[in-house]
Amino acid sequence: MRAQFVMSEIGVGLRRNLTMTFAVIISVALSLALFGGSLLMRDQVSAMKGYWYDKVNVSIYLCNEADAKDSADAKNGTAAVAGGGAVCSKGAVTAEQKKSIETDLKAMDLVDTVHYESSDEAYKHYKERFGHTALASVITPDQMPDSFRVKLKQPEKYKVITSSFAGRDGVQSVEDQHNQLDNLFGMLSALNWAALGIMLIMLVVALLLIVNTVRVSAFSRRRETGIMRLVGASSFYIQVPFIMEAAFAGLIGAVVACGMLGVGQYFVIDHGVALRAKMELINFIGWDSVLTKLPLVLAIGVLMPSLAAFIALRKYLKV
């Protein structure tokens, strides 16, 4: 009988405040969708870091004859310093220097593999990637530097290679491809924080709507609650219908948010726009990541409105 009464009171409350309840549902859905999206974005960034940091290399470019000539011309004041000329004043890299650099690299515990790329191989790879550009028509093999491509066991420690080999005799420059990735991941992290900020604003709006809806519902049923006080009903028993109303609205909003996350994964990543097929270089997260976030979204969708309603009612419905 008591359960039937509570359920009937919930239905009455929802019907009396239908528009405000709808606003609560939309606000909760948007805020929780942003929250879930932020969690998925964090997983995506972590997955991309693990994938790309394992793929990229540290490149050690060696001095060639063109670099040595540029350095000599710059020293004589007949030409501007270009490329690696300034650090190749002692001439092109020698066979002994190459051997010494390779030996030192392989002796480092941090290094996984070392691959030597000659200027001819570098020229071939350049033509394959940029053969359609105007610059490719004037580049010659002797202008391409020899290099060592270094893969690390712990990619996040790539700065150790830079500090050890930058400025060394025969070394033109040390290029960390990780720096480019750091900029990308920094941008993605900034976007994620922006989404979290918007989520917090929407969450505050949803909480204010929940509090106002509960208060209006309590005011419209003040006669019923007054009678319940007179017959000795406890504060919690009086509060239950209002808390359940807020929890029900929050649950619907959370279900909508889960639907939005699922639709986004299905139509944006897997099908429809199909980013997974169009952007094969990106290691997109799968349904396992999405499904692990849905219970958390549902739990927050129920608990957040319930707690807000409980706090809002404490000073209005005391026995």
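Colleague: Which residue stands opposite Ser 147 in S3?
Modeller: Tyr 61 does. Ser 147 is also the bridge partner of Glu 117 in the pairing with S3. This is a predicted model, in which local features need pLDDT of at least 70 and side-chain atom pairs pLDDT 80 or more, while totals for chains, interfaces and linings use all residues. Residues are numbered from 1 along each chain as its sequence is written, and side-chain values use heavy atoms, leaving out hydrogens and water.

Colleague: Why is S3 called largely enclosed?
Modeller: Five of its six residues are buried, so the rest of the structure largely encloses S3. Buried means under 20% relative accessible area, exposed means over 50%, and partly exposed is in between (1.4 Å probe, protein chains only).

Colleague: What makes Arg 149 and Glu 117 a salt bridge?
Modeller: A salt bridge needs a side-chain nitrogen of Lys or Arg within 4 Å of a carboxyl oxygen of Asp or Glu. The closest N and O atoms of Arg 149 and Glu 117 are 2.8 Å apart, so the pair qualifies. Arg 149 sits in strand S3 (residues 147-152) and Glu 117 in strand S2 (residues 111-117), so the contact ties together parts 32 residues apart in sequence. Glu 117 has a relative accessible area of 6% and is therefore buried.

Colleague: How many salt bridges does the structure hold?
Modeller: Six. Among them is the one between Lys 106 and Glu 102, at 3.1 Å from N to O. These two are four residues apart in helix H4 (residues 95-107), which means a separation of about one helical turn. Lys 106 is exposed at 54%, whereas Glu 102 is partly exposed at 23%. Another joins Arg 276 to Asp 270, with the closest N and O atoms 3.0 Å apart. At 32%, Arg 276 counts as partly exposed.

Colleague: Is Gln 172 buried or exposed?
Modeller: Buried, because its relative accessible area is 18%. Gln 172 lies in strand S4 (residues 171-176).

Colleague: What makes up the nonpolar surface patch?
Modeller: Val 263, Tyr 266, Phe 267, Val 268, Val 273, Trp 287 and Leu 291, covering about 620 Å². Helices H9 (235-270) and H11 (287-313) each give two or more residues to the patch, and H9 gives the most, with four. Patch residues have over 30% relative accessible area and no salt bridge; nonpolar side chains (Val, Leu, Ile, Met, Phe, Trp, Tyr) are joined within 5 Å, like charges within 9 Å. Areas come from the Shrake-Rupley method with a 1.4 Å probe, and for residues only the protein chains shown count as cover.

Colleague: How do you know that Val 268 is partly exposed?
Modeller: Its relative accessible area is 35%, so Val 268 is called partly exposed. Val 268 belongs to helix H9.

Key. Pairing = 2+ DSSP bridges.
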